[in-house]
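Open your viewer and get ready to select residues by number. This tour goes stop by stop, from the inside of the protein to its open spaces.

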Amino acid sequence: MTNSTALKTDRDFGVLLVEDDATALDELTEIVDLEGWTPYAASSVNKALDILARTPSIGVVVTDVHFVDENGESDNGIQLISRAQARFPDRGLSFVVLSGDPDSLRSSVLTGAVDFLNKPLNSDELVSAIEAAWQSGGEERTVTELTEFLLEKMQKTASALKMANDDLQQVSLDQGEQMQADSMNLKAKLIRRALRNGNLLPWLQPQVDLSTGKLYGFDTVARWIDADGEVKNAESILEFARQAKAQEEVDSAIRSAAIRAMSFFGKTGLNDCVITLYTSPEFLNTLGSVDDVVNEAVGIGLEPEQLKFELPAGLDLDGPNKKIVLKNLACMPKRVLRIDLDGSCDFSHVAALQGIGFDQINLDLSQAQGFHLQSDQQSVARALIGLASAMGIEVNARGVKNPNELAWLKDNGCVIVQGDHISKPLPVDDALIWAQNKQSSAKEEV
């Protein structure tokens, strides 16, 4: 970058901020506004280009690298720089790139960015970068200046970087690590967008009472309808939620939607069904979390006894929030304990619950292969069903896959069942139709 003969003194210029995370965009806007510059905000590359076209006062563009647009498609801030330079070659635009991905450094600067700032963002660094960008007037760096700039940035951010290009002293992560980092960032953005847009929904799997043939209740299963209409299962949602550190936000959204669905069912005559809601350690470590859910349900017409809370595996009652966890457990109208019957049962979490009563055991056969032929698994299941019956605890067999498993469970005293042999998880509207049909033919065999 060649030296200017004089510094610009005019601070009355526009700064375009391009970021698809609404919270981050608000923070950037506030920083720019406090400095006396005029902020313009865009959440996608196309929107940014539209604003540039109608706002000639913009002199600096601050952009993230990775975007997810309204349709769930990925976009790229590097492309924004290239397209803006080609479309507005005489504007003297200067670009500052923000990213949590250090490997975007070289591509950003080579494309024409005058600065590259790592996330999490330091507001003072951002102000200095915008000021310097405005002073540069979009002037390109010489090869020497470019090399020096890359080296300087490398020294600040290169704990995990390596030298790769001799002339530009490129620093980059291993390609596999870069792809993993990009994937993690994209997954986090996608799940947060799904939360904002209400695309995370509860599907309901019916539970049937074998003694009466009637509908007993529903198990809540999380589903995600993406921009292409594809349905993602609970495992995919969990993976994305972990990347975004938003697992409890996802669980909370599913719980609330499931409760609303049950309230609607009650208005159609299905007012005695129960709903099983999942809990996480974070949920149980939050004071008043159970009361909040129960109050929400009661407020829209459900009875507290219609709510069953399934406890997370490996529940720790000796942690720093022991009192909060115990209070939340005590507030649960019904407590459910899940036991996976996969041939390698771990009952350590049962011992942790000594002294805390529970109302139902969910005996999970989902991963048990050929259960009706496995005598060891049958022995464990028979003992659990017998013990639960003696203690007045319900047993729900989850994951029933075929009529042989169903017959064995019925013969051995298991009353409540669910699984693909009964019905797969269904969208709320389809679950209502299924339930109404089941109620009308309750005398038929399951």
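This is a predicted model: local features need pLDDT of at least 70, side-chain atom pairs count only at pLDDT 80 or more; totals for chains, interfaces and linings use all residues.

**Stop 1: the cores**

Select Phe 218, Leu 307, Phe 309 and Val 417. These residues have the most contacts inside the largest nonpolar core, which has 56 residues. In soluble globular proteins, nonpolar side chains tend to be buried together.

Now zoom in on Phe 309. What does Phe 309 touch, leaving out residues up to four places away in sequence? Its partners include Leu 277, Phe 283, Val 290, Val 293 and Val 294. Phe 309 also touches Met 332, Pro 333, Lys 334, Arg 335 and Val 336. Thr 279 is one of the contacts too.

**Stop 2: aromatic pairs**

How many aromatic pairs are there by the rule used here? The count comes to five.

Show Phe 218 and Phe 265. Their ring centres are 5.4 Å apart. The planes meet at 70 degrees, and over 60 counts as edge-to-face, so this pair is edge-to-face. Phe 218 sits in strand β11 (residues 215-225), while Phe 265 sits in helix α9 (residues 247-267). The pair links distant parts of the chain, 47 residues apart. Are these two residues buried or exposed? Both Phe 218 and Phe 265 are buried.

Next, show Phe 371 and Trp 408. The ring centres of Phe 371 and Trp 408 are 5.0 Å apart, and their planes lie at 85 degrees, so this pair is edge-to-face. Phe 371 is in the loop between β16 (360-364) and α14 (375-390), and Trp 408 is in helix α15 (residues 403-411). The pair therefore ties together parts that are 37 residues apart in sequence. Buried means under 20% relative accessible area. Phe 371 has 0%, so Phe 371 is buried. Trp 408 has 12%, so Trp 408 is buried as well.

**Stop 3: the cavity**

Select Asp 20, Asp 21, Lys 189, Arg 192, Arg 193 and Arg 196. These residues line the largest cavity. About 40 Å³ of space lies inside this cavity. What kinds of residue make up the lining of the largest cavity? Six are charged, with no nonpolar and no polar residues.

**Stop 4: the largest pocket**

Select Ala 234, Glu 235, Tyr 278, Arg 338 and Arg 398. Of the 42 residues that line the largest pocket, these lie nearest its centre. The pocket holds about 1300 Å³ of space. Colour β11, α8 (234-244), α9 and β15 (335-340): these are the elements that give two or more residues to the lining of the largest pocket. That lining divides into 16 nonpolar, twelve polar and 14 charged residues.

**Stop 5: the second largest pocket**

About 790 Å³ of space lies in the second largest pocket. Select Glu 19, Asp 21, Ala 24, Lys 119 and Lys 189, the closest to its centre among its 28 lining residues. Then colour α1 (22-34), β6 (94-99), α7 (175-197) and α8, which each give two or more residues to the lining of the second largest pocket. This lining has ten nonpolar, eight polar and ten charged residues.

Methods:
Residues are numbered from 1 along each chain as its sequence is written. Side-chain values use heavy atoms; hydrogens and water are left out. A nonpolar core is a set of buried Ala, Val, Leu, Ile, Met, Phe, Trp, Tyr and Cys residues joined through side-chain atoms within 4.5 Å. Buried means under 20% relative accessible area, exposed over 50%, partly exposed in between (1.4 Å probe, protein chains only). Contact means heavy atoms within 4.5 Å. On a 1 Å grid over the protein atoms alone, a cavity is a set of points where a 1.4 Å probe fits but cannot get out, and a pocket is an open set with protein on both sides within 12 Å along at least five of seven lines; lining residues have an atom within 4 Å of a point. Grid points are joined across faces, edges and corners, and a volume is the space filled by probe spheres set on the points. Ala, Val, Leu, Ile, Met, Phe, Trp, Tyr, Cys and Pro count as nonpolar, Asp, Glu, Lys and Arg as charged, and the others, Gly among them, as polar. Rings of Phe, Tyr and Trp (its six-membered ring) pair if their centres lie within 6.5 Å; planes under 30 degrees apart count as stacked, over 60 as edge-to-face and the rest as tilted. Helices (H or I, at least four residues) and strands (E, at least two) are DSSP runs, numbered from the N terminus.
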